[in-house]
Amino acid sequence: ALIVGREHLYRWLVLLLCVTALASPGHQALMENALARGRLMELLAEPEVTASARQVLFLTGMFSLLDVMLKVPMDSLLAQMTLPPEVGDAIINRTGPCASALQLAEACEQSDEALVLQLCAKLNVDLGSFNQTLAAAGAWARESAHGIQA
């Protein structure tokens with residue numbers, strides 16, 4: 001029997017949900033955005049953060065756009081899934097250990113430079129390395145989304 005780790009299972013589930021959401025035009029870009037958001041949040045984690053905590057950051061970023069992709073209210077979506085509580089806390093309540101990273105990802109998407117600087121300082125992230133991380137997350141998302149479409 002093949003045993004798949006929970007983190008890999010979550011990633012495949014997220015990608016599967018994204019693929020099913022791609023039936024509508026424009027969802028390719030939205031899926032890339034969700035992938036980039038999740039990867040950015042995961043990469044922003046401090047080096048000492050555990051793999052499971054990184055996975056929660058990734059899930060938070062990915063699921064934060066799932067309501068838009070599936071056209072279902074977020075609270076309804078989260079109520080139907082068994083996810084770590086930190087995911088819902090960050091997305092719905094804007095609290096918990098993932099909230100600032102999610103706000104930073106959103107601030108980048110909205111080109112809110114002042115908020116990006118404020119949140120980088122709060123998260124103790126150097127702006128230069130943040131820009132490199134942002135570029136790496138975007139490249140990873142494009143590659144992953146392209147692989148899903150193939």
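Okay, let's start with helix H2, which gives the most to the lining of the second largest pocket, with five residues. A helix here is a DSSP run of H or I with at least four residues, numbered from the N terminus, and a strand would be a run of E with at least two. A pocket is found on a 1 Å grid over the protein atoms alone: it is an open set of points where a 1.4 Å probe fits, with protein on both sides within 12 Å along at least five of seven lines, and lining residues have an atom within 4 Å of a point.

Before I go on, a word on what you're looking at. This is a predicted model, where local features need pLDDT of at least 70, side-chain atom pairs count only at pLDDT 80 or more, and totals for chains, interfaces and linings use all residues. Residues are numbered from 1 along each chain as its sequence is written, and side-chain values use heavy atoms, with hydrogens and water left out.

So what is the overall make-up? The protein chain has nine helices and zero strands. Of its 150 residues, 42% count as buried. By buried I mean under 20% relative accessible area, while exposed is over 50% and partly exposed is in between, using a 1.4 Å probe and protein chains only.

Back to that second pocket. It holds about 160 Å³ of space, and that volume is the space filled by probe spheres set on the grid points, which are joined across faces, edges and corners. H2 (27–43), H7 and H9 (127–149) each supply at least two residues of its lining. By class, the lining has six nonpolar, two polar and four charged residues. For those classes, Ala, Val, Leu, Ile, Met, Phe, Trp, Tyr, Cys and Pro count as nonpolar, Asp, Glu, Lys and Arg as charged, and the others, Gly among them, as polar.

Two of the residues lining that pocket are Arg-37 and Glu-109. Which side chain does the side chain of Arg-37 make a polar contact with? It's that of Glu-109, at 2.4 Å. A polar contact is a pair of N or O atoms within 3.5 Å; within protein, one must be able to donate a hydrogen and the other to accept it, and residues adjacent in sequence count only if both atoms are side-chain atoms. Arg-37 sits in H2, and it counts as buried because its relative accessible area is 5%.

H2 itself has 17 residues and reaches 24 Å from its first C-alpha to its last, close to the 24 Å expected at 1.5 Å a residue. That expected span is 1.5 Å times one less than the number of residues. Its buried residues include His-27, Leu-30, Met-31 and Glu-42.

Now over to H3, residues 51–63. This helix has 13 residues and reaches 18 Å, close to the 18 Å expected. Its buried residues are Gln-55, Val-56, Leu-57, Phe-58, Leu-59, Thr-60, Gly-61, Met-62 and Phe-63. Take Phe-58: it counts as buried because its relative accessibility is 2%. Phe-58 and Leu-43 are 15 residues apart in sequence and 8.6 Å apart in space, C-alpha to C-alpha.

H3 also gives the most to the lining of the largest pocket, with three residues. That pocket has about 230 Å³ of space. Of its 15 lining residues, Ala-45, Val-49, Leu-57, Pro-97 and Ala-101 lie nearest its centre. The lining comes to 12 nonpolar, one polar and two charged residues.

What about the inside? In soluble globular proteins, nonpolar side chains tend to be buried together. Here, the largest nonpolar core has 41 residues, of which Met-41, Phe-63, Val-87, Leu-104, Val-116 and Phe-130 touch the most other members. H2, H3, H4 (66–70), H5 (74–79), H6, H7, H8 and H9 each supply at least two residues of this core. A nonpolar core is a set of buried Ala, Val, Leu, Ile, Met, Phe, Trp, Tyr and Cys residues joined through side-chain atoms within 4.5 Å.

Last stop, the loops. Arg-94 has a positive phi of about 60° although it is not a glycine, and its place is in the loop between H6 (85–93) and H7. Arg-94 counts as partly exposed because its relative accessibility is 36%. Ser-111 isn't a glycine either, and has a positive phi of about 55°. You'll find Ser-111 in the loop between H7 and H8 (113–122). Is Ser-111 buried or exposed? Exposed, because its relative accessible area is 63%.
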